[in-house]
Amino acid sequence: MLRPSDAGSARGAVRGALREAVRVALREVQHGALHEALLDALAFVLPVDCAGCGAPDRALCAACRVRLEPEPGSHLAGPGLRVWWGLRYEGVPRQVILGLKRDGRTGLARALVPALAAAVVAAAPDPAGIRIVAIPGTRAGFRRRGFDPVRLLLARAGLTPWRVFAPARPHLAQKRLGVQERDRNLRGAFRVSREVAGHRILLVDDVVTSGATLREAARALHDAGAEVIGAAVVASTPLRARQASRDEARPKPRAL
Ligand SMILES: [Zn+2]
(Lines give C-alpha, C1' and ligand atoms only; values in the text may rest on other atoms or scores of the structure.)
Protein backbone atom coordinates (compact mmCIF):
# COMPACT_ATOMS: atom_id res chain seq x y z
CA MET A 1 0.00 0.00 0.00
CA LEU A 2 1.22 3.46 -0.82
CA ARG A 3 2.02 5.82 2.01
CA PRO A 4 0.90 9.41 1.46
CA SER A 5 4.47 10.51 0.68
CA ASP A 6 4.83 7.69 -1.87
CA ALA A 7 1.54 8.65 -3.45
CA GLY A 8 2.69 12.25 -3.56
CA SER A 9 5.99 11.44 -5.22
CA ALA A 10 4.28 9.03 -7.64
CA ARG A 11 1.83 11.76 -8.55
CA GLY A 12 4.76 14.14 -9.00
CA ALA A 13 6.51 11.66 -11.27
CA VAL A 14 3.38 11.19 -13.38
CA ARG A 15 2.93 14.92 -13.64
CA GLY A 16 6.57 15.32 -14.61
CA ALA A 17 6.27 12.67 -17.31
CA LEU A 18 3.09 14.24 -18.64
CA ARG A 19 4.64 17.67 -18.70
CA GLU A 20 7.65 16.34 -20.58
CA ALA A 21 5.42 14.54 -23.11
CA VAL A 22 3.37 17.67 -23.72
CA ARG A 23 6.53 19.72 -23.96
CA VAL A 24 7.91 17.39 -26.62
CA ALA A 25 4.69 17.88 -28.56
CA LEU A 26 4.91 21.63 -28.06
CA ARG A 27 8.34 21.75 -29.63
CA GLU A 28 6.65 20.87 -32.90
CA VAL A 29 4.57 24.02 -32.67
CA GLN A 30 6.23 27.28 -33.59
CA HIS A 31 6.05 30.23 -31.24
CA GLY A 32 2.80 32.09 -31.63
CA ALA A 33 -0.79 32.14 -30.51
CA LEU A 34 -1.27 28.39 -30.71
CA HIS A 35 1.91 27.77 -28.74
CA GLU A 36 0.77 30.19 -26.03
CA ALA A 37 -2.69 28.64 -25.96
CA LEU A 38 -1.22 25.18 -25.49
CA LEU A 39 1.00 26.43 -22.67
CA ASP A 40 -2.01 27.97 -20.97
CA ALA A 41 -3.95 24.72 -21.35
CA LEU A 42 -1.03 22.76 -19.93
CA ALA A 43 -0.75 25.09 -16.95
CA PHE A 44 -4.46 24.65 -16.30
CA VAL A 45 -4.30 20.87 -16.31
CA LEU A 46 -0.97 20.57 -14.51
CA PRO A 47 -0.39 23.70 -12.42
CA VAL A 48 3.22 24.75 -12.09
CA ASP A 49 5.10 27.74 -10.76
CA CYS A 50 7.99 29.45 -12.49
CA ALA A 51 11.22 27.84 -11.26
CA GLY A 52 12.97 31.19 -11.39
CA CYS A 53 10.59 33.53 -9.59
CA GLY A 54 7.63 31.48 -8.38
CA ALA A 55 5.10 33.19 -10.66
CA PRO A 56 2.14 30.89 -11.26
CA ASP A 57 1.23 28.90 -14.32
CA ARG A 58 4.47 28.65 -16.21
CA ALA A 59 7.40 26.31 -15.60
CA LEU A 60 9.60 29.23 -16.58
CA CYS A 61 8.24 32.71 -17.25
CA ALA A 62 9.45 34.92 -20.10
CA ALA A 63 11.31 37.28 -17.77
CA CYS A 64 13.25 34.43 -16.18
CA ARG A 65 14.07 32.92 -19.58
CA VAL A 66 15.82 36.18 -20.40
CA ARG A 67 17.89 35.80 -17.23
CA LEU A 68 19.14 32.44 -18.53
CA GLU A 69 20.69 33.90 -21.66
CA PRO A 70 24.38 32.99 -21.47
CA GLU A 71 26.99 35.48 -20.37
CA PRO A 72 30.08 33.29 -20.63
CA GLY A 73 33.14 33.88 -18.56
CA SER A 74 36.04 31.90 -17.19
CA HIS A 75 38.49 31.62 -14.33
CA LEU A 76 41.39 29.40 -13.41
CA ALA A 77 40.20 26.53 -11.20
CA GLY A 78 43.79 25.38 -10.72
CA PRO A 79 47.18 25.51 -12.42
CA GLY A 80 46.49 25.22 -16.14
CA LEU A 81 42.84 24.36 -15.59
CA ARG A 82 40.54 27.04 -16.97
CA VAL A 83 36.83 26.60 -16.32
CA TRP A 84 34.31 28.29 -18.59
CA TRP A 85 30.78 28.97 -17.43
CA GLY A 86 27.62 30.22 -19.11
CA LEU A 87 25.94 31.85 -16.12
CA ARG A 88 26.61 32.99 -12.58
CA TYR A 89 25.17 30.71 -9.95
CA GLU A 90 22.92 33.27 -8.28
CA GLY A 91 19.42 34.68 -8.65
CA VAL A 92 17.26 33.13 -11.36
CA PRO A 93 19.93 30.78 -12.79
CA ARG A 94 20.54 29.39 -9.30
CA GLN A 95 16.82 28.88 -8.69
CA VAL A 96 16.37 27.11 -12.01
CA ILE A 97 19.37 24.84 -11.45
CA LEU A 98 18.02 23.99 -7.99
CA GLY A 99 14.64 23.32 -9.59
CA LEU A 100 16.32 20.76 -11.81
CA LYS A 101 18.69 19.19 -9.28
CA ARG A 102 16.82 19.48 -5.98
CA ASP A 103 13.22 19.34 -7.16
CA GLY A 104 13.69 16.99 -10.11
CA ARG A 105 12.04 19.30 -12.62
CA THR A 106 13.78 17.70 -15.57
CA GLY A 107 11.87 19.85 -18.05
CA LEU A 108 14.07 22.77 -16.97
CA ALA A 109 17.20 21.15 -18.41
CA ARG A 110 16.45 22.43 -21.87
CA ALA A 111 16.38 26.04 -20.65
CA LEU A 112 19.92 25.59 -19.29
CA VAL A 113 21.34 24.14 -22.49
CA PRO A 114 22.28 27.51 -24.05
CA ALA A 115 24.44 28.32 -21.01
CA LEU A 116 26.20 24.96 -21.13
CA ALA A 117 26.60 25.14 -24.90
CA ALA A 118 28.10 28.63 -24.65
CA ALA A 119 30.61 27.38 -22.09
CA VAL A 120 31.54 24.37 -24.23
CA VAL A 121 32.03 26.51 -27.32
CA ALA A 122 34.13 29.03 -25.39
CA ALA A 123 36.26 26.26 -23.89
CA ALA A 124 36.70 24.36 -27.15
CA PRO A 125 36.27 26.72 -30.10
CA ASP A 126 37.82 24.04 -32.31
CA PRO A 127 36.10 20.85 -31.11
CA ALA A 128 37.82 18.49 -33.56
CA GLY A 129 39.39 15.58 -31.68
CA ILE A 130 38.18 16.73 -28.28
CA ARG A 131 36.20 14.32 -26.11
CA ILE A 132 33.70 15.42 -23.50
CA VAL A 133 33.92 13.77 -20.10
CA ALA A 134 31.16 14.39 -17.56
CA ILE A 135 31.95 14.55 -13.87
CA PRO A 136 30.26 11.41 -12.60
CA GLY A 137 27.46 11.55 -10.06
CA THR A 138 27.22 9.57 -6.84
CA ARG A 139 25.02 6.52 -6.62
CA ALA A 140 23.18 8.18 -3.74
CA GLY A 141 22.42 11.23 -5.87
CA PHE A 142 21.18 9.05 -8.69
CA ARG A 143 18.94 7.07 -6.35
CA ARG A 144 17.52 10.25 -4.87
CA ARG A 145 16.83 11.97 -8.18
CA GLY A 146 16.32 9.12 -10.59
CA PHE A 147 18.53 10.92 -13.10
CA ASP A 148 21.98 12.44 -13.43
CA PRO A 149 21.73 16.21 -14.03
CA VAL A 150 24.99 16.54 -15.97
CA ARG A 151 24.18 13.66 -18.28
CA LEU A 152 20.67 15.00 -18.80
CA LEU A 153 22.02 18.45 -19.71
CA LEU A 154 24.51 16.94 -22.13
CA ALA A 155 21.80 14.79 -23.73
CA ARG A 156 19.55 17.83 -24.16
CA ALA A 157 22.48 19.64 -25.73
CA GLY A 158 22.97 16.77 -28.17
CA LEU A 159 26.40 15.95 -26.72
CA THR A 160 27.54 12.42 -25.91
CA PRO A 161 30.02 12.14 -23.06
CA TRP A 162 32.83 9.63 -23.04
CA ARG A 163 32.67 7.34 -20.01
CA VAL A 164 36.12 7.08 -18.52
CA PHE A 165 35.63 7.10 -14.75
CA ALA A 166 34.95 4.11 -12.54
CA PRO A 167 32.60 4.76 -9.62
CA ALA A 168 34.24 7.07 -7.12
CA ARG A 169 35.37 5.74 -3.76
CA PRO A 170 33.20 6.63 -0.77
CA HIS A 171 33.87 10.16 0.42
CA LEU A 172 32.57 12.79 2.78
CA ALA A 173 30.07 15.34 1.61
CA GLN A 174 31.90 18.42 0.30
CA LYS A 175 29.32 20.89 1.47
CA ARG A 176 30.71 21.72 4.88
CA LEU A 177 34.38 21.65 3.99
CA GLY A 178 36.80 24.49 3.32
CA VAL A 179 38.81 24.70 0.09
CA GLN A 180 41.87 22.77 1.32
CA GLU A 181 39.70 20.22 3.09
CA ARG A 182 37.76 19.70 -0.13
CA ASP A 183 40.93 18.95 -2.06
CA ARG A 184 42.07 16.47 0.61
CA ASN A 185 38.65 14.86 0.76
CA LEU A 186 38.63 14.21 -2.97
CA ARG A 187 42.21 13.01 -3.31
CA GLY A 188 42.05 9.73 -5.25
CA ALA A 189 38.27 9.87 -5.58
CA PHE A 190 38.30 9.43 -9.35
CA ARG A 191 39.65 6.31 -10.99
CA VAL A 192 40.14 6.22 -14.74
CA SER A 193 38.82 2.89 -15.99
CA ARG A 194 39.88 2.95 -19.64
CA GLU A 195 42.76 3.92 -21.87
CA VAL A 196 42.80 7.69 -22.19
CA ALA A 197 46.47 8.36 -22.95
CA GLY A 198 46.93 10.84 -25.77
CA HIS A 199 43.30 11.96 -25.81
CA ARG A 200 42.28 15.58 -25.44
CA ILE A 201 39.46 16.00 -22.94
CA LEU A 202 37.01 18.72 -21.96
CA LEU A 203 35.49 18.18 -18.51
CA VAL A 204 31.81 19.09 -18.06
CA ASP A 205 29.87 19.67 -14.86
CA ASP A 206 26.74 21.57 -13.87
CA VAL A 207 28.07 24.01 -11.25
CA VAL A 208 31.62 24.91 -10.23
CA THR A 209 32.13 26.03 -6.66
CA SER A 210 35.63 25.67 -5.23
CA GLY A 211 36.81 23.80 -8.32
CA ALA A 212 38.09 20.91 -6.17
CA THR A 213 36.07 18.32 -8.08
CA LEU A 214 37.30 19.52 -11.47
CA ARG A 215 40.91 19.71 -10.20
CA GLU A 216 40.82 16.15 -8.93
CA ALA A 217 39.15 14.78 -12.07
CA ALA A 218 41.72 16.63 -14.22
CA ARG A 219 44.57 15.27 -12.07
CA ALA A 220 43.33 11.68 -12.48
CA LEU A 221 43.04 12.08 -16.25
CA HIS A 222 46.45 13.75 -16.50
CA ASP A 223 48.02 10.95 -14.47
CA ALA A 224 46.49 8.50 -16.94
CA GLY A 225 48.16 10.31 -19.83
CA ALA A 226 45.30 12.44 -21.14
CA GLU A 227 45.42 16.14 -21.86
CA VAL A 228 42.64 18.11 -20.15
CA ILE A 229 42.08 21.22 -22.25
CA GLY A 230 39.73 22.80 -19.71
CA ALA A 231 36.28 22.55 -18.20
CA ALA A 232 32.81 23.81 -19.09
CA VAL A 233 29.95 24.23 -16.63
CA VAL A 234 26.47 25.70 -16.72
CA ALA A 235 27.14 28.13 -13.88
CA SER A 236 29.89 29.35 -11.61
CA THR A 237 29.48 30.33 -8.00
CA PRO A 238 30.42 34.03 -7.75
CA LEU A 239 33.94 34.72 -6.52
CA ARG A 240 32.97 36.00 -3.08
CA ALA A 241 31.11 32.76 -2.38
CA ARG A 242 33.95 30.67 -3.79
CA GLN A 243 36.37 32.40 -1.45
CA ALA A 244 34.04 31.86 1.47
CA SER A 245 33.90 28.25 0.31
CA ARG A 246 31.01 27.45 2.59
CA ASP A 247 28.14 27.54 0.16
CA GLU A 248 25.48 25.33 -1.25
CA ALA A 249 27.59 23.09 -3.39
CA ARG A 250 26.24 19.62 -3.37
CA PRO A 251 28.38 16.67 -2.33
CA LYS A 252 30.90 15.64 -4.93
CA PRO A 253 32.24 13.77 -6.71
CA ARG A 254 29.24 11.81 -7.75
CA ALA A 255 29.67 8.36 -9.21
CA LEU A 256 27.01 6.37 -10.99
ZN1 LIG B 1 9.87 33.67 -13.54
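# Questions on helices, a sheet and buried residues

User: At what angle do the axes of helix α4 and helix α5 cross, and what does that make α4 to α5?

Analyst: Helix α4 holds residues 91–101 and helix α5 holds residues 109–123; helices (H or I, at least four residues) and strands (E, at least two) are DSSP runs, numbered from the N terminus. Their axes come within 10 Å and cross at roughly 125 degrees. Axes are lines fitted to C-alpha atoms, for helices over the stretch in contact, and angles run from 0 to 180 degrees between N-to-C directions. Angles under 35 degrees count as roughly parallel, over 145 as roughly antiparallel, 65 to 115 as roughly perpendicular and the rest as oblique, so α4 is to α5 oblique.

User: What kind of model is this, and from which number are its residues counted?

Analyst: The model is predicted, so local features need pLDDT of at least 70, side-chain atom pairs count only at pLDDT 80 or more, and totals for chains, interfaces and linings use all residues. Along each chain, as its sequence is written, residues are numbered from 1.

User: Is the crossing of α4 and α5 left-handed or right-handed?

Analyst: A crossing is left-handed if the near helix is turned anticlockwise from the far one by less than a right angle, and right-handed if clockwise. The crossing in which α4 passes α5 is left-handed.

User: Which residues make the contact of α4 with α5, and how many of them are nonpolar?

Analyst: Two residues are in contact if their C-beta atoms, placed from the backbone, lie within 7 Å. On α4 these are Val96, Ile97 and Leu100, and on α5 they are Ala109, Ala111 and Leu112. Ala, Val, Leu, Ile, Met, Phe, Trp, Tyr, Cys and Pro count as nonpolar, Asp, Glu, Lys and Arg as charged, and the others, Gly among them, as polar. The contact has no polar and no charged residues, and its nonpolar residues number 6.

User: At what angle do the axes of α5 and α7 cross, and how many charged residues does their contact have?

Analyst: The axes of α5 and α7 come within 9 Å and cross at roughly 80 degrees, so α5 is roughly perpendicular to α7. Ala109, Arg110, Leu112, Val113 and Leu116 of α5 meet Leu152, Leu153 and Arg156 of α7. By class, this contact has 6 nonpolar residues, no polar ones, and charged residues numbering 2.

User: Which residues of α7 are buried, and what covers them?

Analyst: A residue is buried if 20 or more other C-beta atoms lie within 10 Å of its own, exposed if 12 or fewer, and partly exposed in between, with C-beta atoms placed from the backbone. In α7 (residues 149–156), Pro149, Val150, Arg151, Leu153 and Leu154 are buried. The cover includes α4, α5, β3 (130–134), β6 (200–208) and β7 (227–236).

User: In what order do the strands of the open sheet stand, and which of them are at the edges?

Analyst: The sheet has 5 strands with mixed pairing, in the order β1-β2-β7-β6-β3; two strands pair if DSSP finds at least two bridges between them. Two strands each have a single partner, so one side of each is left without a neighbour in the sheet. These edge strands are β1 (73–78) and β3.

User: By how many degrees are neighbouring strands turned against each other on average, and which strands does α7 touch?

Analyst: Direction ignored, neighbouring strands of this sheet are turned by 30 degrees on average. Helix α7 packs on the sheet, its direction making about 115 degrees with that of β6. The strands that α7 touches are β3, β6 and β7.

User: Why is Ala232 buried, and which residues is it in contact with?

Analyst: Ala232 lies in strand β7. It counts as buried because 29 other C-beta atoms are within 10 Å. Leaving aside neighbours within four places in sequence, its contacts are Trp84, Leu116, Ala119, Val120, Ala123, Leu202 and Val204.
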